[in-house]
Amino acid sequence: MAPYDSDSSGGEEDDFTETNVLLGYASKDPGDETISRLGGQPEWLDENSPPSASLARCKICKDLMVLLLQLNGELPDRFPGHERRLYVFSCRRKTCRRREGSIRALRSLRVAPGTTAREAAREKKKLEDEAVKSKLREEEKSTPKPPSNLGETLFGAMTLGSPSGSANPFSSPSAGSAATGSNPFSSGNPFSTAKANPETKTSSDPPPPSNADEVKTLSKTFAETLSLNNDQTPPSPATPAPPEPWPAAADQPPPYPVSYLSEAEYETLDPTPAPTVPASTRLDADADVGSGGGKEDREVFESSMDATFQRFADRLAQNPEQAIRYEFGGQPLLYSKTDGVGRLLSPASASPTNNGGISIASVVNASGTGASGMPRCGACGAPRAFEVQMAPHAIAELEADELSLDGMDWGTVVVGVCERDCQARGVGEGEVGYLEEWAGVQWEELGGGGKRRGG
């Protein structure tokens, strides 16, 4: 147990560890934040250019879904000039719950005019610099190095004591002699011009490629290499279906009440590890049957041994009112590793941990070659990166006015987005585009003891 000193605050800064995860807290007071929120009606980047209503329909019953989360996703340091928002929708029908397609995610993007040109200029400068470095490396490789044995190279002299060690390098070799070509001053001398063809010099050789040509060639090669290394070919362009208009507000399902994500702070964790069940602990399922039976006790024991869920619950318990967890390119906090989403997102090997076994390693790195397991972007084929997940407390906020106890039953909703933040096809600068992103839902596990929910 960690030492306790109620009279001293010295070293208090060492009592907590701050992570890179930004936590969002819901409030009825909007404060300065009116974009990011739970529930309500979606607000589009351009009210005159909403997405097709088909993107917000349940894939099972085809009903229009309701908004769970709207998030201001602008990242000026990572994506300058990109105005972006994220939306998460859910079907209200109970018969659609726990089925894939009942929760969907959208990314909205508007690229400021001139952003593409600036990005192209930066990329061109990068390619030019790489071309210069590549040329210098080639020149260094082509520069002749001084031989290690100068005497042997110039005069053909062999090591002392060898059979040919006494051969005269200046003598004229006889016909058929094996020493032909050993005289550095014969026609075999690479520096000799005695047999150089004068017409060769005057022949019109193609001019060396200019720097611009090198850059074009490098750019093409880079693009071809990227295409070859991409194990999933982007979908071929197809004529998009005409957008489906949105029905009148009165014809839409009732939205959830609005709670603004007006408070945010980086996650702080108590480094004191949570108590663990000793390895030597035994449970006799047949013991004390009269007090409730061994089956129920075994279920409780096995639940306590579920390290993934326990870590999920322990971490949320340190900040129990968190509604969302945000870290672009970070690692989602998994509810389970045994369901479909957990198997996709679990790192291939154990990640470095601290804070009592809490993993802080990143599933998706900057180059997108990490073990994210998420499907690639359907628009450009780039890898997807984790951006945000909804925590169970968001359900309490969304269903604050619900009288029924049979509400939403997910443990967490994980949203993965295109790591390049690509735009929809055919959408120009200054226009708004919408793309569906990946929503991984981990549902609450049902068992003899009922639902279990972290937080």
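Reader: Are Y87 and F89 buried or exposed?

Author: First, a word on the source: this is a predicted model, where local features need pLDDT of at least 70, side-chain atom pairs count only at pLDDT 80 or more, and totals for chains, interfaces and linings use all residues. Residues are numbered from 1 along each chain as its sequence is written, and side-chain values use heavy atoms, with hydrogens and water left out. Buried means under 20% relative accessible area, exposed over 50% and partly exposed in between, with a 1.4 Å probe and protein chains only. By that cut-off, Y87 and F89 are both buried.

Reader: How many aromatic pairs are there in the whole structure?

Author: Rings of Phe, Tyr and Trp (its six-membered ring) pair if their centres lie within 6.5 Å; planes under 30 degrees apart count as stacked, over 60 as edge-to-face and the rest as tilted. A search of the whole structure on those terms gives 8 aromatic pairs.

Reader: What kind of pair do Y87 and F89 make?

Author: Their rings are 6.4 Å apart, centre to centre, with 20° between the planes. Y87 and F89 also belong to one aromatic cluster with W44, W246 and Y434. The Y87 and F89 pair itself is stacked.

Reader: Why is the pair F309 and F312 stacked?

Author: Both residues lie in helix α6 (residues 307–318), 3 residues apart, or about one turn of the helix; helices here are DSSP runs of H or I with at least four residues, strands are runs of E with at least two, and both are numbered from the N terminus. F309 and F312 are both buried. Their ring centres are 6.5 Å apart and the planes are at 25°, so the pair is stacked.

Reader: Which residues of α1 are buried?

Author: Going by accessible area, the buried residues of α1 are T115, L127 and A131.

Reader: Where is K62, with its positive phi?

Author: Most residues other than glycine have a negative phi. K62 is not a glycine, yet its phi is about 70°. K62 counts as exposed, at 51% relative accessibility. Its place is the loop between β2 (37–38) and β3 (66–72).
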